[in-house]
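Here are my notes on the model, point by point. Please read them with the structure open.

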Amino acid sequence: MALDPVRTGPRIGAGRVAVLVPLPLAGTYDYTVPPGLSVAHGQFVLVPLGGRTVAGVVWGAAEDAIDPSRLRAIDSVLDAPPMTRDLRETIAWTAAYTLSPPGALLRMAMSVPEALDPPRPETAYARRPEPLPDGLRMTEARGRLLRFLADGEPKRMREIGGGAGVGPSVVRGLVAAGAVAPVSLSSETPPPVPDWRRRGATLTTSQETAAARLRALVAAPGAHGVTLLDGVTGSGKTEVYFEAIAAALARGRQVLVLLPEIALTVDWLRRFSDRFGAPPALWHSDISRPARRALWRAVARGEAPVVVGARSALFLPFRSLGLIVVDEEHDAGYKQEEGVVYNARDIAVVRARNAGCRLLLSSATPSLETVVNVGRGRYGSVRLAERFGSAGAASVSAVDMRAEAQAPRSWLSPSLRSAARQALDEGRQVLFFLNRRGYAPLTLCRGCGHRMSCPNCAAWLVDHRLAERLQCHHCGHREARPADCPQCGATDSLVACGPGVERLSEEAAAAFPDARIALMSSDTLRGPQAIDRLLAEIRARDYDLIIGTQLVAKGHDFPHLTLVGVIDADLGLEGGDLRAAERSFQLLHQVAGRAGRAAFPGRALVQTYDPDHPVMRALIAGDRDGFVAAETRARRAAGMPPFGRLAAIVVSGRRLEAVAEAGRALARAAPRQEGLLVLGPAPAPLALVRGRHRHRLLVKARSDIRIQPLLTAWLREAPARGGVRIQVDIDPYSFL
Ligand code: ADP
Ligand code: ZN
């Protein structure tokens, strides 16, 4: 693979440098460069820090202000490819934008510290070519070893122990006798290389037009910029962006693909392997440490041609990025809410710009931010307007729940029941979507009204009948469902209120006793393989009725599914945060898109108490663009993102009074400036999580105001007293 030269700064000779260390509270520290050592920007070095030695990155010039005699010296330079300038710039930018310490970002980029240790070559043993040395004394053990090595492949000592049942002394004996030779194995086996020359799927005319445009965008030297691949569900966006990947690989460049949910990637990986004849490298937090180390080093050497991963893959040390793809770019899963609070979609824009490569954002329901950027001409766009095959778009209609005669403790309306009955009788599959895990969101005492709630959070405990317990979805607290009310002691008085998917499947089983029901939720399906298995069984028609949470909404292909019923379409509109309407529309549109992918037309019935809500109207009319336009107008009028800036500040701590006081103190010290508004503090909707009380402030600013410097100056003055923690969330997605 052709590599660009590593872009590093000029070498810095003897003197002083600033080194960034991967610690969350640190900026850079200055060190002297001992005589004889020369370091360059981006190099990994060992430096003394306090009483220990840590690995860091040479970040830039040292500050002149510090007396050199007080500085300590760099220990040594590590034998690893230097961090490229584009990654360093991305780290610096992200730190400044999210108001996080750069060291916290560096820690994400150095997530496998042992990757910096020089590779240890492993010794293996191979049989020397025949004939055996003269006078070799044969024993039974030696015979077993020679037979085990007969295929000529070098084997490691532990493989020999297991395979031939002989110990190291036998091996050493045969080495000494000249029958076996030690071989040094590199542990740096490069990942498989996808073959871009293989033929992909035969594209339709409109797919080919789109693919040709993407290929040209990726192939142009020095091409960078952002392109939206905007295609209706089932239009073949994946097939089309595979062609862009092929074009980047043809130029010898590396490709990064971000997927919002690694649990759902098995099918994607299979399609990739079918297309390119080899799997991509997979990066996420659950892969083993040795695998992470190997992949990190391979990426840094420029040898991992395609990496697919979760958001943290953005900070891998790519040598020669040629393309980044963000699939389902609108997905809220790209927002990391803990530690460094960032949106991977936005950082991908920055990394692509710094690396000088193309960024592709793919979605059937692009985020409003992206649509606005396309409208302003900042992003290009390539559209796929038709579904692949003969399938047309599913027709969506509302079930007006105000008009339905609904039995108590029943959530399937008569209209939906009869439509489902008909589809099942025709031998088709039906999907019921309810975005609520468990059996019931609330357990209540009929006698005294007591509500079962979490001891650590201001939240109700969710009844999980299959797991036979009550569970908090915020802190993970779980307890057995008590027999008697813990408040008044009444027996048999606790009742489940409201439906979750488990309860819905109970009702469905009673309504359609002949239907084979599959339940799809993160509680019932553990891990990517389990999801993949169930999806295969659904495609093989082992099930008639699928009941699921948002896990079913995303990207799956259900060829025999013709009816989708959305149980509580209004659910996502509750709370009314900034993106509630947008998110609801995206989710419901995706769910409806599951129906009618193959030869049969699909239908979606949406149960709502508010059929005139703009989200419902747009869904029914299939008017995505109209909906986005209306949302855009509303956001513009309100000065909300992307037309204004927003930051949330969450003050939290164990003592309510300290939290409230810290919030008030912040508000008193708030910057006063035209075009800037600080709202709050107010108790957060989720006022207690994991035993910590939470108060929120919201900063709203005109888009021409850079809020980071203002926030930095403001929060620097904020004393973090009484165990109070202050967390900043720029461009918040969660308003809880
Ligand atoms: P999207 O990501 O736009 O929803 P996909 O790329 O997942 O669409 O394609 C939807 C389905 O149609 C997939 O099963 C895919 O394999 C199939 N498909 C799309 N385009 C083609 C094509 N040109 N040839 C064969 N199958 C295709
Ligand atoms: Zn809890």
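1. Start with the ligand. A nitrogen atom of ligand 1 sits 2.8 Å from an N or O atom in the side chain of Gln207. That is a polar contact (a pair of N or O atoms within 3.5 Å; within protein, one must be able to donate a hydrogen and the other to accept it, and residues adjacent in sequence count only if both atoms are side-chain atoms). The side chain of Lys237 places an N or O atom 2.8 Å from an oxygen atom of ligand 1. Thr238 uses its backbone: an N or O atom there is 3.1 Å from an oxygen atom of ligand 1.

2. Which residues come nearest to ligand 1? Of the 16 around it, they are Gln207, Gly234, Lys237, Arg271 and Asp557. A residue is near if one of its heavy atoms lies within 4 Å.

3. A word on conventions. This is a predicted model, where local features need pLDDT of at least 70, side-chain atom pairs count only at pLDDT 80 or more, and totals for chains, interfaces and linings use all residues. Residues are numbered from 1 along each chain as its sequence is written, chains are lettered from A and ligands numbered from 1 in the order written, and side-chain values use heavy atoms, without hydrogens and water.

4. Now the zinc ion (ligand 2). Its protein donors are the SG atoms of Cys454, Cys457, Cys472 and Cys475, 2.2 to 2.4 Å away. Donors are N, O and S atoms within 2.8 Å of the metal (3.2 Å for Na, K and Ca); water is not among the atoms, so sites may look incomplete. Along the chain the spacing is C-x2-C-x14-C-x2-C. Cys454 lies in the loop between strand 23 (442-445) and strand 24 (462-464), and Cys475 in the loop between strand 25 (469-471) and strand 26 (478-479), so the pair ties together parts that are 21 residues apart in sequence. Helices (H or I, at least four residues) and strands (E, at least two) are DSSP runs, numbered from the N terminus.

5. Is Cys454 buried or exposed? Cys454 is buried, at 7% relative accessibility. Cys475 is buried too, at 18%. The cut-offs are under 20% relative accessible area for buried and over 50% for exposed, with partly exposed in between (1.4 Å probe, protein chains only).

6. Look at helix 5 (residues 168-177). Its buried residues are Val170, Val171, Gly173 and Leu174. On the other side, Ser169, Arg172 and Ala176 are exposed. Just after helix 5, Gly178 has a positive phi of about 85°.
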